Amino acid sequence: MAGKTFFITGASSGFGAACARSFAVAGNRLILAARREEPLLKLRDELSQNTTVHLLTLDVRDREAVRHAVVSLPDQFHEIDVLINNAGLALGLEPAHQVDLDDWEVMVDTNIKGLMYCTRFMLPGMVARNRGHIVNISSTAASWPYPGGNVYGGTKAFVLQFSRNLRADLLGTKVRVSCIQPGMAETEFSEVRFKGNSGQAEKVYAGTEPLTAADIADTVKWIVERPAHVNINNIELMCIDQSWGHLAVDRS
Ligand code: NDP
Ligand code: 8X3
């Protein structure tokens with residue numbers, strides 16, 4: 001696995017930071033991107049004894065900033081082997097008729113358009129080299145609807161189908177595309193969803209043993225480490241304390 005260049009979006013916390021830790025071995029080069037600089041600097045301090053790190057304070061919603069970040073990477077980081085499209089968020093859990101439309105737009109701009117920009121700007125190099133791997137982070141919310149999931153689930157359904165369509169486009173190349181659909185995992189995700197209301201966030205995980213960021217990083221690592229002729233299309237995983245419910249019926 002050593003000797004590869006990884007571009008990880010959303011590396012300042014949660015799954016992205018765990019992936020960075022997991023791939024921080026001698027010989028690898030890590031490009032770590034997120035909006036918040038401070039956690040990125042801390043992560044670089046932690047990892048740079050083991051690996052070579054390049055930080056990008058980047059908002060993936062900014063198309064020109066993504067393009068510029070990719071074309072102006074330092075030489076040793078230029079050839080990206082693995083793009084982990086992880087940056088994303090849910091905002092709110094209100095029903096569609098009460099939701100703040102700005103929240104919907106932020107989710108679309110980040111989870112869909114940000115992922116599109118990163119993919120579009122990094123993919124040509126992978127195709128030209130005839131090697132590379134894009135790992136997209138979707139969600140169980142892509143396949144399994146729940147009240148308040150509205151646009152968040154929609155964005156993650158996009159990620160799932162876009163991943164499959166990418167691989168369809170890439171047939172004939174050795175570029176791999178994989179999609180992961182995690183269920184409930186304890187990270188900053190719920191703090192963000194509930195806009196800093198930590199009491200509400202904690203309730204999501206209360207009484208359960210949720211997935212951890214390290215569980216997702218393990219899954220990414222397993223996917224990336226399959227032999228070059230194996231493409232893992234899609235993996236869905238949940239913690240043992242989560243499963244499906246019955247369909248809802250209104251009897252009022
Ligand atoms: P976190 O909130 O811990 O991490 C989200 C990361 O995304 C942060 O590093 C954040 O960095 C980054 N991010 C958000 N918006 C932007 C932006 N506009 N530009 C660049 N980076 C951005 O949550 P998770 O680690 O849990 O989430 C990672 C991914 O996994 C998301 O796509 C999420 O939807 C998905 N997911 C999460 C699940 C869960 O239960 N936790 C389950 C299934 C999927 P910063 O704020 O510094 O920009
Ligand atoms: C995060 C999992 O169930 O909150 O994607 O949508 S869930």
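**Exercises on helix packing and aromatic pairs**

The model is predicted, so local features need pLDDT of at least 70 and side-chain atom pairs pLDDT 80 or more, whereas totals for chains, interfaces and linings use all residues. Residues are numbered from 1 along each chain as written, chains are lettered from A and ligands numbered from 1 in written order, and side-chain values use heavy atoms, without hydrogens and water.

**Exercise 1.** Describe how α3 packs against α4.

*Solution.* Step 1: locate the helices (DSSP runs of H or I, at least four residues; strands are E runs of at least two; both are numbered from the N terminus). Helix α3 spans residues 63-71 and helix α4 residues 101-129.
Step 1: take the geometry. The axes (lines fitted to C-alpha atoms over the stretch in contact, angles from 0 to 180 degrees between N-to-C directions) are 9 Å apart, at an angle of about 30 degrees.
Step 2: classify. The two helices are therefore roughly parallel (under 35 degrees; over 145 is roughly antiparallel, 65 to 115 roughly perpendicular, the rest oblique).
Step 3: list the contacts (heavy atoms within 4.5 Å). On α3, R63, V66, R67 and V70 meet Y117, C118, F121 and M122 of α4.

**Exercise 2.** Classify the packing of α1 and α8.

*Solution.* Step 1: helix α1 covers residues 14-23 and helix α8 residues 213-224; their axes come within 8 Å and cross at roughly 55 degrees.
Step 1: that angle makes α1 oblique to α8.
Step 2: the contact involves G14, F15, A18, C19, S22 and F23 from α1, facing A213, A214, I216, A217, V220, K221 and V224 from α8.
Step 3: the crossing of α1 and α8 is right-handed.

**Exercise 3.** Characterise the aromatic pair of W144 and W244.

*Solution.* Step 1: the whole structure holds four aromatic pairs (Phe, Tyr or six-membered Trp rings with centres within 6.5 Å; planes under 30 degrees apart are stacked, over 60 edge-to-face, the rest tilted).
Step 1: the rings of W144 and W244 lie 5.6 Å centre to centre, with 70 degrees between the planes, an edge-to-face pair.
Step 2: W144 belongs to the loop between β5 (132-137) and α5 (150-170), W244 to the segment after β9 (234-237), so the pair links distant parts of the chain, 100 residues apart.

Technical notes
Left-handed = near helix turned anticlockwise from the far one by under 90°.
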